[in-house]
Amino acid sequence: MTIPQAITRYQATKCEDSFAELYHYIYSSRPNLVGTFAKRYKLDEHDVESMINVKLLEIADKFEGTADKFRNAVYNAIR
């Protein structure tokens, strides 16, 4: 399943498998994503991961576009 397909499927059904695809896509493209932001803002890693996941859910609910634009939207939202 492509990322745009996962987004569309998630928006239509709230399917956990689709969200898992999106989650994996975001976290695998930057393996130390949580650690980077936790150090930058001096926050607990669990708190940072929760904040990232909330943004990921919010964006997945409304996003229309390519996989790269989705990734950029998520990264811009968590900066």
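User: In this predicted model, how far apart are the end C-alpha atoms of helix 2, and what span should its 14 residues have?

Analyst: The model is predicted, and helix 2 covers residues 16-29. At 1.5 Å a residue, counted over one less than the number of residues, the 14 residues of helix 2 should span 20 Å. The end C-alpha atoms agree with that expectation, being apart by 20 Å.

User: Is Ser18 buried or exposed, and which residues does Ser18 touch, not counting residues up to four places away in sequence?

Analyst: Ser18 lies in helix 2, and because its relative accessibility is 0%, Ser18 counts as buried. Leaving aside residues up to four places away in sequence, the residues that Ser18 touches are Met1, Ala6, Arg9 and Tyr10.

User: How many salt bridges does a search of the whole structure find, and how many residues apart in sequence are the parts that Lys14 and Asp61 tie together?

Analyst: Searching the whole structure gives three salt bridges, and one of them joins Lys14 to Asp61, with the closest N and O atoms 2.7 Å apart. Lys14 lies in the loop between helix 1 and helix 2 whereas Asp61 lies in helix 4, so this pair ties together parts whose separation in sequence is 47 residues.

User: Where do Lys55 and Glu58 lie, and by about how many helical turns are they separated?

Analyst: The side chains of Lys55 and Glu58 meet in a salt bridge with an N to O distance of 3.5 Å. An α-helix has 3.6 residues a turn, so residues three or four places apart point the same way. Lys55 and Glu58 are three residues apart in helix 4, and therefore their separation is about one helical turn.

User: What is the N to O distance in the salt bridge of Asp68 with Arg71?

Analyst: Asp68 and Arg71 both belong to helix 5, where they are three residues apart, about one turn of the helix. With relative accessibility of 44%, Asp68 counts as partly exposed, and Arg71 counts as partly exposed at 21%. Between the closest N and O atoms of this salt bridge, the distance is 2.8 Å.

User: Which residues make the nonpolar surface patch of about 280 Å²?

Analyst: Leu43, one of the residues of this patch, is found in the loop between helix 3 (33-41) and helix 4 (45-62). Its relative accessibility of 39% means that Leu43 counts as partly exposed. The patch is made by Tyr41, Leu43 and Met51.

Technical notes:
Residues numbered from 1 in each chain as written. Predicted model: local features only at pLDDT ≥ 70, side-chain atom pairs only at ≥ 80, totals over all residues. Heavy atoms only, no water. Patch = residues over 30% accessible without salt bridge, like charges linked within 9 Å, V, L, I, M, F, W, Y side chains within 5 Å. Areas by Shrake-Rupley, 256 points an atom, 1.4 Å probe, with all protein chains shown as cover. Salt bridge = Lys/Arg side-chain N within 4 Å of Asp/Glu carboxyl O. Helix = DSSP H or I, 4+ residues; strand = E, 2+ residues; numbered from the N terminus. Buried < 20%, exposed > 50% of the residue type's maximum accessible area, 1.4 Å probe, protein only. Contact = heavy atoms within 4.5 Å.
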